[in-house]
Amino acid sequence: EYITNTGQVPEAWTEPYFKQIDELKKMPGLESDERERRIAREESRAKQRSLKGIDDLLRYFSHAPVFSDDYSRKVLLDQLQSTKEAWLKHIRK
């Protein structure tokens, strides 16, 4: 519901990665090149986790017996797919 209402990634999915990024930014003695490499790696992991999460939801709701009719299932799956496509466009920038 959160994803379809906001179009945003749930914070719980990415919070560990962004906490790690905050720690890397504060880490003394780390050379800037290494810091940027590690930050980029954590950002990439956060993006991968987000896409895996929405793929898991798409897979689950495509078969879950939680819908009263096929139209309701299609509406939710279409919304999730549209959100995933928007995230992919944003990630590629």
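1. Let's start at one residue: Leu58 touches Leu77, Leu80, Gln81 and Lys84, leaving aside residues up to four places away in sequence (contact means heavy atoms within 4.5 Å). Please keep in mind that this is a predicted model, where local features need pLDDT of at least 70, side-chain atom pairs count only at pLDDT 80 or more, and totals for chains, interfaces and linings use all residues. Residues are numbered from 1 along each chain as its sequence is written, and side-chain values use heavy atoms, with hydrogens and water left out.

2. Leu58 also belongs to the largest nonpolar core, which has 10 residues, including Trp13, Phe61, Leu77 and Trp87. Such a core is a set of buried Ala, Val, Leu, Ile, Met, Phe, Trp, Tyr and Cys residues joined through side-chain atoms within 4.5 Å; buried means under 20% relative accessible area with a 1.4 Å probe, protein chains only. Both α3 (32–61) and α4 (70–92) supply at least two residues of this core, and α4 gives the largest share, 4 residues.

3. Along its principal axes, the C-alpha trace spans about 60 × 25 × 20 Å. Buried residues account for 27% of the 93 residues.

Technical notes. Buried < 20%, exposed > 50% of the residue type's maximum accessible area, 1.4 Å probe, protein only.
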